[in-house]
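Q: I'd like to learn how to read a structure feature by feature. Could you walk me through this one?

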Amino acid sequence: MAEQQKGRQRKWLGWGICSWVLSGALVMSSQAEVTSAAAQPTVRQMLGQKLMLDLRYYCSEPTAAGKCRTPLTSLPPELAKLISQYDIGGVILFAENLQHSEQIIGLNRQLQQAAARSALKQPLFIGIDQEGGRVARLPRELATSFSGNMAIGATYPEHGSHFAELAGAITAAELLALGINVNFAPTVDVNVNPDNPVINVRAFAEDPAVVAELGGAMTAAMQQQGVIAALKHFPGHGDTHVDSHLGLPRVEHSREQIDQVDLLPFTEIINKHQPGMIMTAHIQYPALDSSTFTAKDGQQMIKPATLSRAILHDLLRQQMSYNGLIVTDALDMAGISHFFSPHDAVIATFQAGADIALMPVKLQSPAELADLAALLTALEQAVADGQLNKSELFGSYQRITQLKQQYPLLPEDTAAGQLAKANDLLGSAAHRKAELALAQAAITRIPLPQNDKNTALPALSGKQIVLLMPDSNKAAALSLALQQQSPQPLTISSLSLLQDNLTEAAALLTNADVVISAFITPMPSLAEIGGMDDISALGPLAARYQRQQQDFLNLLRQVAQQQTPHVFISLRAPYDAAVYGQYADVSLASYAYNSEDKAIAAGDPGATYTALARVLLGQVAAKGRLPVTVDSQLATSLAPAADDSDRQGR
């Protein structure tokens, strides 16, 4: 495997940088021309290579700052000009940018065309968050959508690193077919905090050695396919109860604990697999750096890792001998933007040792485009003033261009040829089979003191089955999967917790022979919704989620009082089984919940629900093992706040 990787890298290193011709095909420039162009970059050009822009939304007409919600699906000339003019190094794409294969390929080729017209002619890093599970940007009906890291962790006792390698290889192959060459994955945070709002099932496990092995296997698989992996979130986001999109988390671990838990996966993967990128965390680690900065409101605060030279340069670069690229997490997140102006944040993270600033400025309308030039001017001045060391800038630039030469950032084929290959590859029968295999292997029976481990799953044939689900989409997905997998037609009724009026729920549950309930804990975070542009949705979402929690508990208590046979399914973080599983006879975990209305309408309930249906029907045993600890003590800490309101009549 190592020789195969070396062979690919030798091939890529010999490519040189390609330029575009009008036909849309690529022609090769000589390596000498590339070396000549790259040997004498200006300070401004080097700084441009260190920026990775967010192109999620763009409104050609004048729009109030922060209000544009028009997805960018084709590159406007004015943005293409910016990429060319300022030698921009990369972009990040979101779900809104990605519709179907032809459109995605077209957009990515437009982006690379713009880069080819720059003075340096360096191809772009085109990145995405395609972790699987909670965080996946490609349309799920288009691309293979694996169940995510914790599902892989649940398969580890029986399958080792098999599914980490498989998911990494397939995900990377599909990304590269579309022209996407950087995946901000895998997440190698060690989730030791059940109350973690943003990581939870994005982590493989709570055991750092397991995280290291699975994260390393996925990293190697992606990079062997030709996609650059970006480990995240350094030095570790696994023991936080604050989402760094919304605030500045602080981890009070001792240095010994940090070395043995938080840093261990990064250390192991750096030593064995040489990840192309590592993403920083907007998190304070006093044991690693207790120095302070003055926030823009005058407050004295401990530096977060993204802005800490002690963490990024001294620890990661020197002590851990990491030679790849250090990329920041999004700089518009509250963990940074609440305390720094955009210019100061970029200067501070470059001082700390970051190679790439991710999402440093908003460019969502013509009025904001000048902000990019202003940022580059401020950065140039910081170099001239000595705030940024010029030799370090050049070293960073060299790391960027060297990594770009090691990977196939540009498609080898014409647009038509690339599209044909992508259509054959994405979501192929073999890939969907692998997707289902992971989902099936991950289904876990959760052992709880109040649930007898030997309790058989209730028979479903000939019974009145009531599905009590988070919403109608998930109810439809599970109902469809059960009907498809059952040899006899089933009698199924569904209840959605999004219903405003639950008056009929009590009556429906009273007549049920079997209840299958499911919940999603915790509520969605900005990481899976998209990013800081979605922050206004969190307030209503939180209120609705709290209401759902209380309604769910009330209905479960009714089921328990009636002694109706009941199976509870944890659709995300399995910790919630400690709260809701106490009302059930059997508790299962799937670690994933995703389904698509279009797919359901076409008769495809999705891999997770197909796997659950087979277990519920007794056709397949639940062979997954919990990769985190779930015990009855969590019931108190994770239980929803009491709500005395009665929604039965509303």
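Predicted model: local features only at pLDDT ≥ 70, side-chain atom pairs only at ≥ 80, totals over all residues.

Q: What percentage of the residues count as buried?

A: Of the 650 residues, 61% count as buried. The secondary structure comes to 25 helices and 20 strands. As for contacts with a separation of 6 or more, 79% are between residues 24 or more positions apart.

Q: Which residues touch the most other members of the largest nonpolar core?

A: That core has 113 residues, and the ones touching the most other members are Leu-51, Leu-111, Phe-234 and Leu-372. Helix α7 gives the most to this core, with eight residues. There's also a second, separate core of 37 residues, which includes Ala-442, Phe-552, Ala-584 and Leu-634.

Q: Let's take one of those. Which residues is Leu-111 in contact with, leaving aside its neighbours within four places in sequence?

A: Leu-111 is in contact with Leu-55, Leu-75, Ile-83, Val-91, Leu-93, Leu-124 and Ile-126.

Q: You brought up α7. How do I check a helix's span, and what is the distance between the end C-alpha atoms of α7?

A: The idea is to take 1.5 Å times one less than the number of residues. Helix α7 covers residues 162–178, so its 17 residues should span 24 Å; the end C-alpha atoms are 25 Å apart, which agrees.

Q: And how many residues of α7 are buried?

A: As background, an α-helix has 3.6 residues a turn, so residues three or four places apart point the same way. In α7, twelve of the 17 residues are buried, so the helix is largely enclosed by the rest of the structure. Among them are Phe-163, Ala-167, Ile-170, Glu-174 and Leu-178. Just after α7 comes Gly-179, with a positive phi of about 95°.

Q: Now α15. Which of its residues are buried?

A: They are Leu-393, Gly-395, Ser-396, Tyr-397, Ile-400, Thr-401, Leu-403 and Lys-404. Helix α15 runs over residues 390–406, and its 17 residues reach 25 Å from first C-alpha to last, close to the 24 Å expected.

Q: Speaking of rings, how many aromatic pairs does a search of the whole structure find?

A: A pair of aromatic rings is described by the distance of the centres and the angle of the planes. The search finds eight pairs here. In one of them, Phe-552 and Tyr-580, the centres are 5.0 Å apart and the planes are at 70°, so the pair is edge-to-face. Phe-552 lies in α21 and Tyr-580 in α22 (residues 577–580), so the pair ties together parts that are 28 residues apart in sequence.

Q: Are Phe-552 and Tyr-580 buried or exposed?

A: Phe-552 is buried at 0% relative accessible area, and Tyr-580 counts as buried at 2%. Both belong to one aromatic cluster along with Phe-519 and Phe-568.

Q: On to the backbone. Which residue is joined to Lys-232 by a cis peptide bond?

A: For a cis bond, look at omega. The bond from Lys-232 to His-233 is cis, with omega near 5°. His-233 is in strand β9, residues 228–234. A cis bond also joins Phe-234 and Pro-235, with omega about 5°. Pro-235 is in the loop between β9 and α9.

Q: What is the phi of Asn-200, and where does this residue lie?

A: Its phi is near 35°, a positive value in a residue other than glycine. Asn-200 lies in the loop between β8 and α8, and it's buried at 1% relative accessible area.

Q: Is Gln-563 buried or exposed?

A: Gln-563 counts as exposed, at 69% relative accessibility. Phi of Gln-563 is positive too, near 60°, and the residue lies in the loop between α21 and β19.

Methods:
Residues numbered from 1 in each chain as written. Heavy atoms only, no water. Helix = DSSP H or I, 4+ residues; strand = E, 2+ residues; numbered from the N terminus. Buried < 20%, exposed > 50% of the residue type's maximum accessible area, 1.4 Å probe, protein only. Phe/Tyr/Trp six-rings, centres within 6.5 Å; stacked < 30°, edge-to-face > 60°. Contact = heavy atoms within 4.5 Å. Core = buried A, V, L, I, M, F, W, Y, C linked by side-chain atoms within 4.5 Å.
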